[in-house]
Amino acid sequence: MVEAEPAGEVLGLLEESGALRKGHFLLSSGLHSGRYVQCAKLLEHPRRARRVGRLLADLLSGLRPDSILAPAMGGLLIGHEVAAALDLPFRFTERKEGRMTLRRGFELETAERVVILEDVVTTGKSTQETVEIAEALGAVVVGVGSIIDRTGGTHGFEVPFRSLVPLSFPSYSAAECPLCARGGEPEKPGSRGNG
C-alpha cells in the first residue's frame, strides 16, 4: 500500500471533517470570499488532530526547536498536538486589551529555540506578533509552521515557513465582491466572528 502524500492526506481530512466550506464569508482581513477553511472542524476529533499534528511535527522537526509557541485561538490545538508529537513544552500567546501577550506564568528562556504554530496563515499578523513577543523575551524563533498556507507565498516571515497544504481562494473587497453583487450577505466565521 502506498502512503498518501501529507498534502493529499490533509486535504482528505479537511473534506471528511467538513472544514472546507462554501458560501459567502467575511474574512478577518475584511475581504470577502466564497470559500473558507474552519480548522476547528478538522481538529475537533482527537484522531484527526493527532494525525495532523504528527504530520506537521515531521515537517518541523529538522528545525530542532526547544518549544512550541502558538497564538490563541487558532494555534492552540495544533500547537499542542505538534508539541506532543515532538515531546516539547507548549505555550501560547493571547490577546489582552487588543495586544498579543504571553501570560499565565509562561516564560521563554534566553536563546530558547521556538517554532511558532498556527492552524491557518493568511495575513500572518497574529503569527508575526507572536514572533515579536518571543524575540523580545530573548528566544530565537527558528521557524513558523501551519496546517494551511493561504498567503500565496507573500507571508514575509524572516524564518523558514512550513505548511502541510497551500490553499488559494479568490477574495474580494466588499465593493468588488460578486457574491455581494448578487445580493448575498456574508457570514463572519471563525474565532473573531460568530462562527
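This is a predicted model: local features need pLDDT of at least 70, side-chain atom pairs count only at pLDDT 80 or more; totals for chains, interfaces and linings use all residues.

Q: Let's begin with the big picture. How many helices and strands does the protein chain have?
A: Count them up and you get 6 helices and 9 strands.

Q: What does the radius of gyration say about the protein chain?
A: You compare it with what a compact globule of that length would have. For 195 residues that would be near 16 Å, and the protein chain has 17 Å, which agrees. Along the principal axes, the C-alpha atoms fill a box of roughly 55 × 50 × 25 Å.

Q: And what share of the residues count as buried?
A: Of the 195 residues, 45% do. As for the surface, the protein chain exposes about 10,100 Å², with carbon and sulfur atoms supplying 49% of that.

Q: Which contacts link residues that are at least 24 apart in sequence?
A: Look at the contacts between residues at least 6 apart: 62% of those join residues at least 24 apart.

Q: Where do the charges sit on average?
A: There are 23 positive and 25 negative charges, and their mean positions are 4 Å apart.

Q: Now the strands. How do strands pair in a sheet?
A: They pair through backbone hydrogen bonds, and the sense is either parallel or antiparallel. Here, strand 1 (residues 20-26) and strand 2 (residues 32-37) are antiparallel, with 5 bridges.

Q: What lies between strand 1 and strand 2?
A: The two form a hairpin with 5 residues between them, and Gly30 in the turn has a positive phi of about 95°.

Q: Which other strand pairs with strand 2?
A: That's strand 9 (residues 171-172), which pairs with strand 2 in the antiparallel sense over 2 bridges. Together, 3 strands make an open sheet in the order 1-2-9. Strand 1 and strand 9 are the edge strands, as each pairs on one side only.

Q: On to a helix. Which residues of helix 4 are buried?
A: Helix 4 covers residues 76-86, and its buried residues are Ile78, Gly79, Glu81, Val82, Ala83 and Leu86. Their cover includes helix 2 (39-43), helix 3 (46-60) and strand 3 (67-71). Strand 4 (90-96), strand 6 (113-121) and strand 7 (140-149) are also among the elements covering them.

Q: Why does Arg64 count as exposed?
A: Exposed means over 50% relative accessible area. Arg64 has 56% relative accessibility, so it counts as exposed. Glu97 is exposed too, because its relative accessible area is 78%.

Q: Which peptide bond is cis?
A: Go to the bond from Ala72 to Met73: it is cis, with omega near 10°. Met73 sits in the loop between strand 3 and helix 4.

Key: Residues are numbered from 1 along each chain as its sequence is written. Side-chain values use heavy atoms; hydrogens and water are left out. Helices (H or I, at least four residues) and strands (E, at least two) are DSSP runs, numbered from the N terminus. The radius of gyration is taken over C-alpha atoms; the globule rule is 2.2 Å times the number of residues to the power 0.38. Buried means under 20% relative accessible area, exposed over 50%, partly exposed in between (1.4 Å probe, protein chains only). Contact means heavy atoms within 4.5 Å. Accessible areas come from the Shrake-Rupley method with a 1.4 Å probe; for residues, only the protein chains shown count as cover. Lys and Arg count as positive and Asp and Glu as negative; His and the chain ends are not counted. The place of a charge is taken as NZ of Lys, CZ of Arg, CG of Asp or CD of Glu. Two strands pair if DSSP finds at least two bridges between them.
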